[in-house]
Amino acid sequence: MDASIKTSFKRQPAVGAPLPHDSAHLHVTGRASYTDDLPEPRNLLHVAVGMSSVAHAELVAMDLSKVLAAPGVVDVCIAQDIPGDNNFGPIIADDPIFATDLVQCVGQPVFAVAARTVDAARKAVRLARIDYREREAILDALTAVEKQSFVLPSETLIRGEPDAALKAAPHRLRRRVFLGGQDQFYLEGQIAMAVPQEDGCLTVYSSTQHPDEVQMMIAHATNRAAKDVTVICRRMGGAFGGKESQAALIACIAALASDKTARPCKLRLDRDDDMIMTGKRHDFVIDYDVGFDDNGLILGIDFELASRCGMSADLSGPVNDRAMFSCDNAYYLENVRILSHRCKTNTVSNTAFRGFGGPQGMFAIEYAIEDIARKLGKDPLQVRRRNFYGKDERNITHYQQRVDDNVIEEIFDRLLVSSDYEKRRREIRKFNDTSPILKRGIAMTPVKFGISFTNTLLNQAGALVHVYKDGTIQLNHGGTEMGQGLYIKVAQVVADEFQIDIDRIRITAADTSKVPNASATAASSGADMNGMAAKIAAAKIRLRLSEFAARHFSVAEAEVVFIDNRVFAGDKSLTFPELVQLAWADRVPLSATGFYKTPKINYDRTTFSGRPFFYFAYGAAVTEAVVDILTGENRTLRVDILHDCGDSLNPAIDRGQIEGGYVQGVGWLTAEELWWNDRGELGTHAPSTYKIPTCSDLAPDFRVELMQSHPNREDTIYRSKAVGEPPLMLALSAFHAIRDAIASDDCPLPDLQAPATPEAILRALLAAKHE
């Protein structure tokens, strides 16, 4: 085809275009169907869960007679009703669906009720009589360490000679800091609906990030084969990791109730029960001992991390492993020891949350960097730069992966100028000298975040593409949509593979009967893996169409060109649907699967070494905050972010992820405080007591820029980079801006704990005053 003709076409590439979310028009009009919006089958029963009211006890007796006699109740389910495995633990079988003779946390499911209405089920569960013989409960990580109570063995990673380096260092600092957890607070709560099918099959509609795992857990619990269970998820109203493993519990209970009653069953947790029953981001106790020189260069550092995992292992192993990997953030640590305790406590099992341990590891090193700078009287920016990874040297992580895509210096250089950091820092110091009550602070922090599942076998994805006779396309893959924009990104990839408009593509629900054995949509790898799998599937069909067109029009295959919704074969031109119609008539297969596995990665967990990550995503943020030192009240004033998305698949979606991730991180570090009483009861289980950020908490001056002209060095989908998790850690700058605001000559190293609530700020100021 003549080049001049090619330039006359109007279709713009879909990849790289800031297209709206595929369901945006449905979201804003209330027409997006979530699991609870699906048409309810006839004879549907509603399920409610009876939970333990004590943190640690033997189950002595349970009387459910009044529950069964309650109006509207059809049946109850207990552990003895489970025909298969009483477990939904994703890695270790230590998480019972229903407690048997021992309860290990407040909120642990003990039984379930199936009733004709939601209200009837929820009222009935309160009528149970359960006798407990209470045992001593371990409620926090430090007590667990003292009593050697762990869900998994403690792990240690050592590089170099940290003890010798610490001993020889000119300067040395030690600190213990407490870092709180965080509830995922997805807008759509946990929910599943199980619908019996013919011949013993079961279809389950589940709000889950991992349909494959839900399928397998239901199969094991109900004593079925995987082939007899289908799990479907069109979309979730948020997830943030909270629906990666723990959605299986909800789905298993719905499935078991459906089996026992032979009727469709739906379980939808209300907000209070959801927060009490389900796991959260791991809270950590962090101890570090750091040695450094006069310029702030870290010579040796010793971390001890104790995370509260809860009553079972859940995903705590890989979460804590990633915390260990992330203790470097963007800094080269030549001599380092990391001791990680995975603490068993009588609280709900903590689980995945955006960042998956990475934020906790980065929090540790950033706190140490800030302390070093304040001890030396330097701008923390200088200390950060002094410790950054190099490009040709000082470029091997403590887990032996080479950092060969380092752009953190370039990001800092650009953001330093665009944010006017140095001028604003001087102005803030002048402001604080004359303002006795309101104090301002500023901080600039980096992010280096590894992309891939650390469990190598999970780095695989499948896709299924159908081309219909009219030239429209149906797209399916193993990824799930939770609002992050994965589906539109993958559709953009397929549209460009066929060179057609994106409105010719129908995106369909994640469905275990279409794409089997899919990994969770997690680890920020959804677009990387599913986009590549879909591209491979579409390319197979396009190749078949090219071969057919070459044969049909008697031209060389190289002369077949797809462009602007048309296909050119030599001097012949026809629309894409016309070619498809001809190919179908010639019996050309128009359906294909695609499979992708992430290359280059390898990891030996026994030595904590290898290349667990395909590449790194980078970013940096400057945050300015103001604090009222009489009340501890604070707010962010301005945010400047520069983030590395490679060649973005969709800048609008990526910008939304960056903004949302930052705000969610600010919530974790400044406002969202989880509080348990001394009986192990969660007191913050509703928005009345658990405070997530709102629109009014946003900085009035919020600037986000995507780094330009930096394609991914690795061969990812269109050289893009993952953007789901890394931006959350940009919020570390907000915490340290608050800490900068309350620091003074009298209090150079404030003992500020996270979250930096007004109460935490006042405690830090009061402690400094006493010192």
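Modeller: The open sheet consists of five strands in the order β7-β15-β14-β13-β8, with mixed pairing. Strands here are DSSP runs of E with at least two residues, helices are runs of H or I with at least four, and both are numbered from the N terminus; two strands pair if DSSP finds at least two bridges between them. This is a predicted model, in which local features need pLDDT of at least 70 and side-chain atom pairs count only at pLDDT 80 or more, while totals for chains, interfaces and linings use all residues. Residues are numbered from 1 along each chain as its sequence is written, and side-chain values use heavy atoms, with hydrogens and water left out.

At the edges of the sheet stand β7 (150-159) and β8 (171-179); each has a single partner strand, so one side of each is left without a neighbour in the sheet. From one strand to the next, the twist averages 5 degrees; angles run from 0 to 180 degrees between N-to-C directions, and axes are lines fitted to C-alpha atoms, for helices over the stretch in contact.

Strands β14 (residues 298-310) and β15 (residues 336-344) run parallel and are joined by nine bridges. S307 stands opposite R342 in β15.

Helix α11 (residues 358-376) lies across β8, β13 (284-292) and β14, where contact means heavy atoms within 4.5 Å. The helix α11 runs at about 40 degrees to β13.
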